[in-house]
Amino acid sequence: MHFLRKGFFPRIKRYFPAFLIAGFLVSCNSAHRKTSVSVESLQGVEPRNVIFILSDDHRYDYMGFTGKLSWLETPAMDRMAGEGAYFPNAFVTTSLCSPSRASILTGQFSHTHKVVDNQAPAPKENIYFPQYLQTKGYQTAFLGKWHMGGETDEPRPGFDHWESFRGQGVYYNPTLNINGEHKTYGDSTYITDLLTEHAIEWLENRDEEKPFFMYLSHKAVHGLYEPAQRHLGKYENVELELPPSFYTSARPVKGKDHPNGYHQYLGPDKDKIEHPAPGDSYYGEGRTPDWQKMQRESWHGVDYMYHAQHVNYETLVKRYCEQILSLDESIGSVLDYLDAKGLGESTVVIYMGDNGFAFGEHGLIDKRHFYEESAKVPFLMRCPEIVKEKLVNTRMIQNIDVAPTILELAGIKKPEQMQGRSFLPLLTEENPEWRDKIFYEYYWENNFPQTPTMHGVRTDRYKYIRYHGIWDTNEFYDLKEDPFEMNNLIASPQHQPIIKELSDEIYSWLESTGGMQIPLKRTTIRLGDHRNNGLY
């Protein structure tokens with residue numbers, strides 16, 4: 001049965017039983033684990049209340065105010081941009097759910113915290129920034145999708161109140177682990193709405209004498225796409241346009257010039273060797289990598305996306321955008337609550353996505369790669385007391401900066417193991433010193449072998465991507481002249497000095513952060529490879 005068919009789900013009913021907040025003291029039982037961590041306080045900083053809202057797979061430009069889609073309505077996101085700060089150049093260090101979430105919580109690169117993919121376990125020695133907040137006297141809550149370090153929904157360190165579900169969870173009629181006890185919801189309960197109501201309920205019942213931190217982590221807008229019933233079909237009749245780079249990977253892989261061999265290995269013609277096609281004559285105009293051409297016809301490509309078992313490209317985009325609507329409503333509900341309670345001016349609200357998402361750029365679907373639509377994420381922040389209205393900061397920030405920033409807001413000095421930086425100076429100072437480049441890493445996955453291991457570096461103008469373990473071309477783009485990354489300049493003579501410099505920068509980064517070892521782990525059968533499905 002088609003999971004995206006309009007009208008498939010019965011009308012959602014607003015039935016969300018209330019739950020009682022038993023208290024906010026950190027206990028030593030399994031529902032509220034606490035690890036002792038030391039905290040160095042910043043002098044003269046009054047701890048602020050912070051709400052961090054995370055979405056899943058929301059690409060950076062699918063918000064109404066960006067103008068990317070003229071018909072997309074996101075009034076709450078637009079409101080956050082209008083009443084606070086918008087970072088159009090926010091990136092993740094690894095564009096994949098679990099590694100990015102671990103980077104948010106630890107302030108570290110994937111090769112440091114070791115959660116390099118969605119199956120990797122989370123090392124017990126990792127410290128999550130809410131643990132520091134607890135030590136500082138904060139009451140903390142996590143509600144929603146954890147999806148990091150295993151499929152379990154068991155409470156994790158750093159949170160006094162816990163609500164989550166196993167793995168990816170479901171959109172309708174979910175089962176939540178609430179402080180160690182499981183509760184299943186029926187009557188077409190929609191997960192985005194449920195988490196929002198529970199979040200506001202927690203805020204309403206908190207200890208008003210203590211500062212608070214709430215982490216609201218939505219399943220939306222991850223596939224499979226199931227919008228709330230009230231939004232299903234809203235964008236059915238809008239017109240879509242294919243991205244400019246949609247066909248860069250459509251050309252075939254050239255392969256061998258002599259696929260059946262030369263037939264001249266012995267005898268009088270044994271020395272007549274014909275040179276195979278090099279460079280652009282092999283890769284074609286724009287020097288598109290072979291892996292990109294191959295991935296086009298795979299689980300994560302437009303010509304065989306999700307193995308053709310779910311939905312066509314046009315419907316995929318429309319259902320995705322309809323699913324954004326309930327996410328936006330959730331953000332609006334939180335803002336409205338804060339304003340109604342007199343907390344709106346002083347409370348920091350941050351909204352971001354855990355990674356980006358490609359909708360046909362380069363012929364690809366999903367994330368993982370280092371193209372802009374994959375590595376960029378939406379990032380908004382509101383706190384009228386410290387953030388100017390309609391502030392647009394174009395400096396490059398990353399997910400590893402979230403933890404140090406929130407700790408500074410709490411009056412806590414950044415722990416030494418954190419590799420990110422607080423971006424508060426970008427909001428409060430005229431021209432602060434800041435990074436001039438960001439780094440990226442992704443490690444090959446057994447279940448989705450179409451995307452290779454890669455490391456990359458991006459400046460304000462240039463991007464260099466280096467692939468590991470495959471015979472293919474690396475990539476270099478001038479983002480000012482080529483914002484859609486369609487003309488690979490890796491062989492451009494005039495750019496060789498900057499290419500060499502950026503290549504050296506990648507190795508210096510990896511050497512200085514302990515990242516020179518490609519992480520390996522035990523794997524089983526392949527599930528996302530139609531050529532070798534179910535094989536070891």
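Val-221 sits in the loop between β8 (212-217) and α6 (279-283). Helices here are DSSP runs of H or I with at least four residues, strands are runs of E with at least two, and both are numbered from the N terminus. The model is predicted, so local features need pLDDT of at least 70 and side-chain atom pairs count only at pLDDT 80 or more, while totals for chains, interfaces and linings use all residues. Residues are numbered from 1 along each chain as its sequence is written, and side-chain values use heavy atoms, with hydrogens and water left out.

Stay with that loop. The peptide bond from Ala-220 to Val-221 is cis, and its omega is near 10 degrees. Leu-224 also lies in the loop between β8 and α6. A cis peptide bond joins Gly-223 to Leu-224, with omega about 5 degrees. Most peptide bonds are trans, and most residues other than glycine have a negative phi.

His-362 is not a glycine, yet its phi is positive, about 60 degrees. It is found in the loop between β10 (358-359) and β11 (365-366). His-362 counts as buried, at 1% relative accessibility. Buried means under 20% relative accessible area, exposed means over 50%, and partly exposed is in between, using a 1.4 Å probe and protein chains only. Lys-390 is found in the loop between β12 (379-382) and β13 (391-392). Its phi is positive too, near 55 degrees. Lys-390 counts as exposed, at 65% relative accessibility.

Ala-220 leads on to helix α5. Thr-192 lies in α5 and is buried, with a relative accessible area of 1%. Leaving aside neighbours within four places in sequence, Thr-192 is in contact with His-218, Ala-220, Ser-326, Leu-327 and Ser-330. Contact means heavy atoms within 4.5 Å.

Three of those names, Ser-326, Leu-327 and Ser-330, belong to helix α8. The axes of α5 (residues 191-204) and α8 (residues 313-340) come within 9 Å and cross at roughly 10 degrees. That makes α5 roughly parallel to α8. Angles under 35 degrees count as roughly parallel, over 145 as roughly antiparallel, 65 to 115 as roughly perpendicular, and the rest as oblique. Axes are lines fitted to C-alpha atoms, for helices over the stretch in contact, and angles run from 0 to 180 degrees between N-to-C directions. From α5, the contact draws on Thr-192, Thr-196, Ile-200, Leu-203 and Glu-204. From α8 come Ser-326, Leu-327, Ser-330, Ser-333, Val-334 and Tyr-337. An α-helix has 3.6 residues a turn, so residues three or four places apart point the same way.

Cys-321 is buried, with a relative accessible area of 0%. Its sulfur is 18 Å from the closest cysteine sulfur, in Cys-97, too far for a bond. A disulfide is a pair of cysteine sulfur atoms within 2.5 Å, and by this rule the count comes to zero. Cys-383 also counts as buried, at 0% relative accessibility.

In α2, 10 of its 10 residues are buried. Among them are Cys-97, Arg-101, Ile-104 and Leu-105. The cover over α2 includes β1 (50-55), α3 (110-113), α4 (129-135), β8, β9 (348-353) and α10 (402-409). After α2 comes Gly-107, whose phi is positive, near 75 degrees.
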